[in-house]
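Here are a few notes to read alongside the model. Have it open and look up each spot as you go.

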Amino acid sequence: MTVAVAVVCGLLGLAVGSFLNVVIYRVPRKESVVRPRSRCPGCGTQLADRDNIPVLSWILLRGRCRTCGEPISARYPLVELGTAALFVAAALRFGLDWVLPAYLVFFAALVAVTFIDLEHYIIPNRIVYPTLFVSVPLLVLAAAAQNEWSELLRAGEGAALAWGFLLVVHLIQPRGMGFGDVRLAAVLGLFLGWLDLRHVFLGLFLGFLFGSLSSITLIALRRRGRKDQIPFGPFLAAGAVVAVLFGSPIISWYSPG
Ligand SMILES: [Zn+2]
């Protein structure tokens, strides 16, 4: 049964990843994510259906536009495969649970945030607010269906805790931590809080750990100066994903009994 759920989620992930590519390109440019249809950024030719199949089209076209031969970024198949992998992981983690759809929305949002923040150094409200708008009702629905009101309460506590903690960091170090990161933290806190509050601490800790290690590495390699901006969203996202998928074994290993 879990295998069937995982397969369905994997295929759904490819399709959602394809949509996320549109979101990642258009939302920072303040364009509609619904219309018009996707075009080649090089020559403006509208993509035919056969050139719009996740991953497969990119491979068949050898990463180039059919009309003008302009290279198509490897980011496109990467986002599609990455989203599919995260959806499969979520399916294996939660199985056929009412809360699974909410976590799929969460993971999809983290993919979009990661790639937008890496390129533009922003975490758009047009990602964070719609994510909350969809996922809060899904969590309420899961709580109602499975009588998990204490999980829902903890999700609220987690959101408030993570938001408050990053707000303090932002006030101390506004250059290092933008307000977009503070808003994102509320979303992370919500989903990690649903699992329990230790997951909230673990997720944020891992985010800061990944961020610091990357900064140190980049500075050591002289790829970035001490004062250059480094996007923090991708690290928070990575920390949250690890905490959702592997948090329970990590926590029980760290605090036996
Ligand atoms: Zn083209």
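Predicted model: local features only at pLDDT ≥ 70, side-chain atom pairs only at ≥ 80, totals over all residues.

1. For background, most residues other than glycine have a negative phi.

2. Now hop over to the loop between α1 and α2, where Val55 sits. Val55 also isn't a glycine, and its phi is positive, near 60°. What is the relative accessible area of Val55? The value is 14%, which is under the 20% cut-off, so Val55 is buried.

3. Stay in the loop between α1 and α2, because Pro36 is there too. Check the peptide bond from Arg35 to Pro36: it's cis, with omega near -5°. In general, most peptide bonds are trans.

4. Last stop, helix α3, which runs over residues 75-94. From first C-alpha to last, its 20 residues reach 28 Å, close to the 28 Å expected at 1.5 Å a residue. Buried residues of α3 include Val79, Glu80, Thr83, Ala84, Leu86 and Phe87. What covers the buried residues of α3? Among the elements doing that are α1, α4, α7 and α9. Just after the helix, Gly95 takes a positive phi of about 65°.

Terms used:
Residues numbered from 1 in each chain as written. Heavy atoms only, no water. Helix = DSSP H or I, 4+ residues; strand = E, 2+ residues; numbered from the N terminus. Expected span 1.5 Å × (residues − 1). Buried < 20%, exposed > 50% of the residue type's maximum accessible area, 1.4 Å probe, protein only. Contact = heavy atoms within 4.5 Å.
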